[in-house]
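Thanks for making the time this morning.

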Amino acid sequence: MSDIAIKLLLSCGTLAGAFGIAGLLTWVERKQSAVMQDRIGANRATIFGFKALGLFHAIADFLKMLSKEEFIPQGANKFLFNLAPYLSFTFALVAFAAIPIGDRLIVGIRTIDLQAANLNIALIFIFAMMSMGVYGVVLAGVSSNNNYAFLGSMRAAAQMIAYEITMGAAIMGVIMVFNTLDLQMLVHREGAYMLGGWLPKWGIFVQPLAFILFLTAAAAETKRTPFDLPEGEAEIIGYFVEYSGMKFGMFFLADLIETVLVAALMTTLFLGGWQVPYLLPDGFYFPWGGHIALSNIPVVLLGILSFFIKVSFFIWLLMSVRWTFPRFRYDQLMNLGWKVLLPASLVNIALTAVVIILLK
Amino acid sequence: MDNPNQKRRQELEKYFDVQGPFAFLRLAQMKRAWRQGNRRQLTWWENTYIPTLISGIWLTSKHFFRNLGFHILHLVGLCKDVRAAVTYQYPEQKRPLGLRLRTRHRLTKREDDSPRCVACMMCETVCPARCIEITAAEHPDPNIEKYPAEFILDLGKCVYCGFCVEVCPEDAIRMDTGILNTSEYSRESMIYNKKRLMEE
Ligand code: SF4
Ligand code: SF4
C-alpha cells in the first residue's frame with residue numbers, strides 16, 4: 001500500500017516538476033532572449049503592483065489562451081483534430097517517468113529509488129514515447145483539412161524521423177559503454193572514475209562525439225531553431241496553422257516539455273545525471289585525499305540539486321542556440337540529418353565497439 | 001567565345017580536369033563551383049559549422065552574462081550608472097530627443113498671450129500637405145495689421161517637413177514641443193485649432 005503511495009508521490013512530483021519547469025520556460029525564453037539582445041523583456045504584467053520580473057506573463061498567456069475561441073475548421077476530422085494536441089502533450093510528459101532524478105533514498109527500512117518508474121528498458125521506453133510525439137504532429141496536419149497544414153506536418157514528420165534515427169544511433173555508443181538500458185543503473189555506473197580517480201566517467205567524457213550528435217539531433221527533435229521548419233513561427237506555415245486557443249497552447253507547451261525532457265535526458269546520459277563529482281554514497285572522496293563524511297539524506301539532496309543544475313544548464317544551452325542561430329534551409333536540414341549526422345553516429349558505434357573490444 | 005557562360009565553363013573544365021579518369025568525381029565538384037559562382041569555397045572545418053556555432057554562442061553568451069550580472073547588481077542597488085539594456089521603458093522613461101528634432105507644432109505668443117502670427121499666409125502657402133488653414137482678421141494695432149482669427153492645422157495630413165517653421169517671418173510657429181504621441185481615436189481630433197496649438 002505504502003509502496004503505491006510512494007510511487008504516486010514520486011510520479012506526481014516528477015510530473016509537477018516537468019510541468020512547472022516547462023511553464024516557467026515561456027518566461028525563461030522571453031527573458032533570456034531579451035537579456036542576450038540587450039533588452040529587458042516582458043515586464044508589464046502585474047498583480048497588486050508586483051511585477052516579479054515579469055513572471056506573471058506566463059499566467060497572463062495561459063489565461064489569454066483559455067479565453068480564446070476554439071476554432072475547428074470546416075471539414076476537419078473533429079475527433080483527430082481534438083486528439084492531436086493531447087497526443088503530443090501526453091507522450092512528452094509520460095517519458096519523464098523513466099528519468100532518475102536522484103539517488104536511492106533510505107527511509108527507515110525502505111529504499112526508494114528516486115525515479116517514477118524503475119524500468120529496465122527505460123531508454124527504449126523514453127525513445128518510444130518521443131517517437132509517438134510524431135503522431136501528434138502528423139495527425140494535427142492531416143486532420144485539419146488544410147493543405148498547408150498537411151504539407152507542414154509531412155515536413156515535420158520527415159524531419160523528426162530523420163533526426164530520431166540519429167538520436168537513437170548516437171546513444172547506442174553510450175549504451176555500449178555502460179552496458180545497460182536502465183537509466184538508474186546507467187547513472188550509477190557513471191559514478192565511476194577514470195584517469196586515477198580525477199575524471200568522472202560521465203558520458204560526455206567517454207562519448208564526446210555521441211554527445212555532439214545527440215545535442216544536434218535533440219535540438220532538431222524539439223523543433224526549435226535552427227531546426228524549426230515545422231513551426232517557423234512567423235513565416236513558414238506549420239502543421240498547427242488551424243489550431244487556436246489552448247489547443248495551440250498545448251502544442252507550444254509540448255515543445256517546451258520536450259525541451260525539458262531532452263535536457264534531462266542529456267543530463268542523464270552525458271553529464272552523470274544526479275552524480276556530484278567525487279560524491280560517493282557516504283560522502284565526498286577527493287582525489288587529492290580529502291574526505292567529508294555525509295549521511296544519506298544530504299547526499300540525495302545534493303544529487304537532486306546537481307541534477308537540476310545540470311538540466312538548467314542544458315536548457316540554457318538549448319535556449320541560447322535557439323536565439324543565436326538562423327534557421328537551416330530544408331535541404332540543408334535533410335543533408336545534415338541523413339548525410340552527416342547519421343553516418344557519423346554509425347561510425348561512432350563502430351569505433352566504440354572496437355575500443356571496447358581492445359580494452360578488454 | 002564571347003558567351004561569358006561558355007568561357008567560364010571552359011575555365012572550370014580546365015581547372016577541374018574533367019577529361020581524365022575518375023572525372024565523374026570532379027564533375028560534381030565542378031558543378032558545385034559553377035552553381036556557387038565566385039563565392040569563396042568553405043574549408044572542410046568551416047563546413048562542419050562548428051567554428052561559427054562556437055563563435056556565435058560565445059558572442060551571445062558574452063552579452064547574456066554581462067547583462068545578467070549588471071541586472072543582478074542593479075537589483076541590489078549597485079552600478080546604477082552602467083546600463084544592462086539599451087532599451088527605454090517608454091511611457092515612464094522618455095528617450096532624449098535631438099535638439100533639432102521636429103515634433104508637434106505650437107504657436108508662439110506675444111507678451112500679452114496673443115499669437116505672434118500675423119496671418120501672412122506664408123506657411124499655408126508653402127505647406128506641401130496643405131494642412132494649414134488660416135482665417136485672417138484685422139488687428140486693432142495698425143503696426144501688426146492682421147492676426148489669425150482661426151488657425152487650423154490638420155496633423156493627420158502634416159508630413160512634419162518643417163517648412164512652415166522655416167518660412168515664418170515672425171517666428172510664430174515652432175515645432176519644438178517635444179510631443180511625439182499625437183495619436184487620437186478619430187480624424188477629427190487630429191485637427192488642431194488655434195487654442196490647442198497655443199496651449200503649453
Ligand atoms: S510641417 Fe510641413 S506639412 Fe506640416 S504643417 Fe508644416 S509645412 Fe505643413
Ligand atoms: S508664416 Fe508665421 S506669421 Fe505667417 S501665417 Fe504662418 S504662422 Fe502666421
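Predicted model: local features only at pLDDT ≥ 70, side-chain atom pairs only at ≥ 80, totals over all residues.

A search of the whole structure finds 0 disulfides over all chains, where a disulfide is taken as a pair of cysteine sulfur atoms within 2.5 Å. Residues are numbered from 1 along each chain as its sequence is written, chains are lettered from A and ligands numbered from 1 in the order in which they are written, and side-chain values use heavy atoms, with hydrogens and water left out.

Now to the ligands. Around ligand 1 there are 14 residues, of which B:C127, B:C158, B:C161, B:G162 and B:C164 come nearest, a residue being near if one of its heavy atoms lies within 4 Å. That shell divides into 12 nonpolar, 2 polar and no charged residues; here Ala, Val, Leu, Ile, Met, Phe, Trp, Tyr, Cys and Pro count as nonpolar, Asp, Glu, Lys and Arg as charged, and the others, Gly among them, as polar. B:C127 is buried, with a relative accessible area of 11%, where buried means under 20%, exposed over 50% and partly exposed in between, using a 1.4 Å probe and protein chains only.

Ligand 2 is surrounded by 13 residues, the closest being B:C117, B:C120, B:M121, B:C123 and B:C168, and its shell has 13 nonpolar, no polar and no charged residues. B:C120 is partly exposed, at a relative accessible area of 35%.

How do helix α10 of chain A and helix α4 of chain B pack? Their axes, lines fitted to C-alpha atoms over the stretch in contact, lie 10 Å apart at an angle of about 110°, which makes α10(A) roughly perpendicular to α4(B), a label that covers 65 to 115 degrees, with under 35 counted as roughly parallel, over 145 as roughly antiparallel and the rest as oblique. The helices themselves are DSSP runs (H or I, at least four residues), numbered from the N terminus.

Leaving aside neighbours within four places in sequence, B:N67 is in contact with A:V35, A:D38 and B:A84.

Note on methods
Axes fitted to C-alpha atoms, helices over the stretch in contact; angles between N-to-C directions. Helix = DSSP H or I, 4+ residues; strand = E, 2+ residues; numbered from the N terminus. Contact = heavy atoms within 4.5 Å.
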